[in-house]
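Hello,

I am handing over the structure we talked about, and you will find it just below. My notes on it follow, so please read them with the model open.

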Amino acid sequence: MDSTLLKFALPALIAVLMSAGPSSALEQNCRFIQAKADREACYKRQEEELAARRKPATPTDESKTLESVRQMRQDDEAVYRSIHGICRGC
């Protein structure tokens, strides 16, 4: 019984893994759709998926960079104020 299950499960698993191709394959499939409305809908879906993937990564990196720059500027201003507050030649 185990060998029969293995004979059918292994090829099914391989077929499933092969059908899950890379995302670039999806782009090529849209090109071959004959109906213009369907083809445009396919491209729009792909654009939305790409935007959803890229959107979370970009703002977090930029916000961290901007926050660190702001913090450094505040620190620099505090140092400059303390230096200029020192009495010179009193």
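Let me begin with the rule used for charged pairs: a salt bridge is a side-chain nitrogen of Lys or Arg within 4 Å of a carboxyl oxygen of Asp or Glu. By this rule the protein has two salt bridges. Before the details, a word on the source. This is a predicted model, in which local features need pLDDT of at least 70 and side-chain atom pairs count only at pLDDT 80 or more, while totals for chains, interfaces and linings use all residues. Residues are numbered from 1 along each chain as its sequence is written, and side-chain values use heavy atoms, with hydrogens and water left out.

The fold

There are four helices and zero strands, running α-α-α-α from the N terminus on. Helices (H or I, at least four residues) and strands (E, at least two) are DSSP runs, numbered from the N terminus.

The salt bridges

One of the two pairs joins R70 to E67, with 4.0 Å between the closest N and O atoms. Both residues lie in helix α4 (residues 57–84), three residues apart, or about one turn of the helix. The other pair is E77 with R81, where the closest N and O atoms are 3.7 Å apart. E77 and R81 also both lie in helix α4, four residues apart, again about one turn.

For exposure, buried means under 20% relative accessible area, exposed over 50%, and partly exposed in between (1.4 Å probe, protein chains only). E67 has 45% relative accessibility, so it counts as partly exposed. E77, at 46%, is partly exposed, whereas R81, at 56%, counts as exposed.

The disulfide

The structure also holds one disulfide, a term that here means a pair of cysteine sulfur atoms within 2.5 Å. The partners are C30 and C42, their sulfur atoms 1.7 Å apart. C30 lies in helix α2 (residues 23–31) and C42 in helix α3 (residues 36–54), so the pair ties together parts that are twelve residues apart in sequence. The torsion about the S-S bond of C30 and C42 is about -60°, which means that the disulfide is left-handed. C30 and C42 are both buried.

The surface

Of the 90 residues of the protein, 3% count as buried. Its accessible surface comes to about 8300 Å², with 61% of that belonging to carbon and sulfur atoms. These areas come from the Shrake-Rupley method with a 1.4 Å probe; for residues, only the protein chains shown count as cover.

Best wishes
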